[in-house]
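Subject: Structure for you to look at

Dear colleague,

I am passing on the structure we talked about, and below it you will find my notes on what turned up. Please read them with the model open beside you.

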Amino acid sequence: QVQLVESGGGLVQAGGSLRVACAASGRTFSRFAMGWFRQAPGKEREFVAAINWIGGSTNYADSVKGRFTISRDNAKNTVYLQMNSLKPEDTAVYYCAAGASYRAVDTTNYDYWGQGTRVTVSS
């Protein structure tokens, strides 16, 4: 089992920045690819970004490319999502997840999930 706890969400103005974090405990964190997903009210949960087990490869949704950066610190069992140039359409609950491949963009490919952290971007 892997337990995931997100933090760092909040309210930010459009154009601003925010960093959310996900702390992992339980089974060996470094064995997993880590992903970030988000879910806006009334919408499906969607892929945002993912990173491989060592942090050398990343994958981003087109909607966040160039604005968001995913990173991980295996010594701290933590994965981060740095969000810059935020837009109102980035408003959502952000979830981290652990899975087998950073190339996976579907929720069914991730085995462990956090409870989410809310990000609200005001216009």
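A polar contact here is a pair of N or O atoms within 3.5 Å, where one must be able to donate a hydrogen and the other to accept it. By that rule, the side chains of Arg 67 and Asp 90 are joined by a polar contact of 2.7 Å. Please keep in mind throughout that this is a predicted model.

To stay with Arg 67 for a moment, this residue sits in the loop that runs between strand E6 (58-60) and strand E7 (68-73). Its relative accessibility is 11%, and Arg 67 therefore counts as buried, the limit being under 20%. A polar atom of the Arg 67 side chain also lies 2.9 Å from the backbone oxygen of Ser 63. If neighbours within four places in sequence are left aside, Arg 67 is in contact with Gln 82, Met 83, Asn 84, Ser 85, Leu 86, Lys 87 and Asp 90.

Arg 38 lies in strand E4 (residues 33-39), and Arg 38 is buried because its relative accessible area is 6%, under the limit of 20%. Its side chain makes a polar contact of 2.6 Å with the side chain of Glu 46, and another, of 3.0 Å, with the side chain of Tyr 94. Not counting residues up to four places away in sequence, the residues that Arg 38 touches include Ser 63, Phe 68, Glu 89, Asp 90 and Tyr 94, so that Ser 63 and Asp 90 come up in the surroundings of Arg 38 as well as in the polar contacts of Arg 67.

How are the strands arranged? Four of them form an open sheet in the order E1-E3-E8-E7, with antiparallel pairing. E1 and E7 are the edge strands, each of which pairs on one side only. On average, and with direction ignored, neighbouring strands of this sheet are turned by 15 degrees against each other. Strand E1 (residues 2-7) pairs with strand E3 (residues 18-26) over six bridges in the antiparallel sense, and within these strands Leu 4 stands opposite Ala 24 in E3. E3 is likewise joined to E8 by six bridges, again antiparallel, with Ala 21 standing opposite Tyr 80 in E8.

Which cysteines are linked? The structure holds one disulfide, and this bond joins Cys 22 to Cys 96 with an S to S distance of 1.9 Å. The link of Cys 22 and Cys 96 is right-handed, with 45 degrees about the S-S bond. Because Cys 22 lies in strand E3 and Cys 96 in strand E9, the pair ties together parts that are 74 residues apart in sequence. Both Cys 22 and Cys 96 are buried.

As for the interior, in soluble globular proteins nonpolar side chains tend to be buried together. Here the largest nonpolar core has 39 residues, of which Leu 4, Met 34, Trp 36, Leu 81, Met 83 and Tyr 94 touch the most other members.

Finally, two loop residues. Trp 53 is found in the loop between strand E5 (46-51) and E6, and with a relative accessible area of 48% Trp 53 is partly exposed. Apart from neighbours within four places in sequence, Trp 53 is in contact with Ser 30, Arg 31, Phe 32, Ala 33, Arg 72 and Asn 74. From C-alpha to C-alpha, Trp 53 and Ser 63 are 23 Å apart in space, while in sequence they are ten residues apart. Glu 89 lies in the loop between strand E8 (78-83) and strand E9 (92-99), and Glu 89 counts as exposed because its relative accessible area of 55% is over 50%. Glu 89 and Lys 76 are 13 residues apart in sequence, and their C-alpha atoms are 31 Å apart in space.

With best wishes

Notes:
Residues numbered from 1 in each chain as written. Predicted model: local features only at pLDDT ≥ 70, side-chain atom pairs only at ≥ 80, totals over all residues. Heavy atoms only, no water. Core = buried A, V, L, I, M, F, W, Y, C linked by side-chain atoms within 4.5 Å. Buried < 20%, exposed > 50% of the residue type's maximum accessible area, 1.4 Å probe, protein only. Helix = DSSP H or I, 4+ residues; strand = E, 2+ residues; numbered from the N terminus. Contact = heavy atoms within 4.5 Å. Pairing = 2+ DSSP bridges. Axes fitted to C-alpha atoms, helices over the stretch in contact; angles between N-to-C directions. Disulfide = S-S within 2.5 Å.
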